[in-house]
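Reader: Hi! Could you walk me through a few strands in this one?

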Amino acid sequence: MVRWLTDASARRRAVVGAKAANLAMAAFDGLPIVDGFAVPVAEVAAHGELPPPGIEQAWARLSAQGRLPLVVRSSAPNEDGGASSMAGVFESVVDVVGWVGFVQAYATVVRSARGGDMAVLVQRHLDPELSGVLFGVDPVSGRTDRVVVAAVAGGPQLLVSGAVQGRRTSLDRAGRVREADGDPAPVLGSTDRLRLLALARRARLVFGGPQDIEWAIVDRRLVLLQSRPVTTTAGRGEGPLLGPGPIAETFPHALSPLEQELWIPPLQEATRHVLALTGAASRRRLRGSAVVTVVEGQAVADLDLFGEARPRSRARALLDPRPHLRHLAVSWQVGRLRGALATLSGHVLDEVDRELGELPPAADLDDRALLRVLDNATAYLRTLHGYEMLAGTLLDDAGQPGAAAALRAIAQGQALGWSDDDIVARHPVALAVLPPALGPRPPLPRVSVAEVSAPAPMGRREELRLRIRWIHELMRVVVGEVATRLVLRGALSDAAHVAQLSRRELGVALGGGTVPDRPPSTTPAPLPSRFRLAADGTVVAEAGDGRAGGVGAGGGRGTGRVAFGDPAIGDVLVVRHLDPALAPVLPRLAGLVAETGSPLSHLAILAREHGVPCVVGLAGARDQVAPGDVVVVDGRAGTMQVLAGDAGVVLP
């Protein structure tokens, strides 16, 4: 009727469930566990919520005829696995006294299976001085050279349920504390830290990978309460420091696939050439960098190359003469270029203005001509981006920003009652205040004449930036004409779907071929201002980025509307405490934020498994937001950021 954890048959997951089988395997390999037995899956299935006949003898032996309290726990075959932990989904009952209490606890555990397969694990109840959770790898950062421990005084129930945060400590391989947060106590002594590290190493060898371990210290003896694989770990951020910083003004929003293909390569090529020409980066460094790229649909730059990463230390600068030699080698050409740049860029401006002025309306061009315009516009973007960056680097021609001139033109046009189309047609400088986008042009802002500055000439760099914006607008008009034709020919069901095509697919569609009819995707969550990419392409926020105060529990980043209770699909649930009863709603959330709790709690583990961004320990979280607010939750950085005015975010 039962399998004691010291029996060889108890090491079979299909017989006694995963939790009991893992403990039996740990006992077989000499790891310290608590005595107990399991009622097999077959016996539970045969007798339901009542203990099988004859189990009272095993209960009496383990509980010393009812004098010692017991713990009755679930041990389902599908929990504590490598793909899913099912952490906290099933019931456990602690401090069970007497036969009647045991029968009631047994029924509670079996009932939590909801008809699924279940074995029941029974062990002696402990009253530990100290207990907690131990991860053999940092589950949030993915660092394999760290062991993360959460500890509380007494038993681990409140910690794993998320009711308390405990004290979280990150240890290196030597047992040194590298990071600590959460509750001020208990503080692990050096002996306890080393014993926990040894337990993590031994469990890793026994089970073939890093483990999520519940542990306790009783009478100074360390025991293993539960061990299961770490089911989710984030990749460690590697490679260059990235961020939207230097190009956020040009591309403040996420780009569609066609926008990415038409606009990013010209900027990338021009940036690479200018950085090499001015000696800002070595050609070897440039070959190893994307310089400008797209991450999750958003344009970002290599911040090291743009000088926005950490500066070189003085000692390193003195010992490494290569940058100085590189600057010396290019200084002569930069000097010559500075002298000629005003004239050369003036010729470019004249040529762009002439070409734009001579271009017929898009509706008058045939299909091939429309595609040629796009290709030629891409070449012009590459040239204009290059000259714009050189002007910003080499010329001292401060003038009025293009945005100021745009606001003045808009105010004057609106005062005369002109429509947005009339204002842009008569004063195309107005486009300087609108970000580029393929598709309908957003409305111009409402501006009062009293709010604008006096007219003044623009500097050369601003003139070049304005032409870049005009080329973007030309491409928007051309792509809009292509979309109209494809809808009329039945190639696309909606003109908005054209932005999901590639440049090659545009040619195929205009030639009569079949192309995918993809609807626009959901707007991604805004990127951190500084981050690196893990090996799997996951965004890892740089330490210190964003709002401080919370603890990242993993799950990536997500955007949604705040809910305090009964969340809808795509909401971010903000709670005072992590409640295991929230487990069923996790799959429909865009994020979970709790004012208390630990990243090693059951609910945080489940959130990571479902890919739900989770932040815990964010004090006053519910006071910072209101239901309906749109927020970005970053489960890496431990932040929740409110998007003012929804920031144009389209929610799923």
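Predicted model: local features only at pLDDT ≥ 70, side-chain atom pairs only at ≥ 80, totals over all residues.
Reader: Which residues of strand S19 are buried?
Author: In S19 (residues 572-575), Val 572 and Val 574 on one side and Leu 573 and Val 575 on the other are all buried. Buried means under 20% relative accessible area (1.4 Å probe, protein chains only), and strands are DSSP runs (E, at least two residues), numbered from the N terminus.
Reader: Why the two sides?
Author: In a regular strand, side chains alternate between the two faces of the sheet.
Reader: How many bridges join S19 to S20?
Author: Four, and the two strands run parallel; Val 575 stands opposite Ala 594 in S20. Strands pair if DSSP finds at least two bridges between them. S18 (residues 557-563) also pairs with S19 in the parallel sense, over two bridges, with Val 562 opposite Val 572.
Reader: New topic: what is the strand order in the open sheet of five strands?
Author: S13-S14-S12-S15-S16, with antiparallel pairing. The edge strands, S13 (292-295) and S16 (539-541), each pair on one side only.
Reader: And which residue is the bridge partner of Phe 531 in S16?
Author: Ala 541. S15 (residues 531-533) and S16 are joined by three bridges in the antiparallel sense.

Definitions and conventions. Residues numbered from 1 in each chain as written. Heavy atoms only, no water. Buried < 20%, exposed > 50% of the residue type's maximum accessible area, 1.4 Å probe, protein only.
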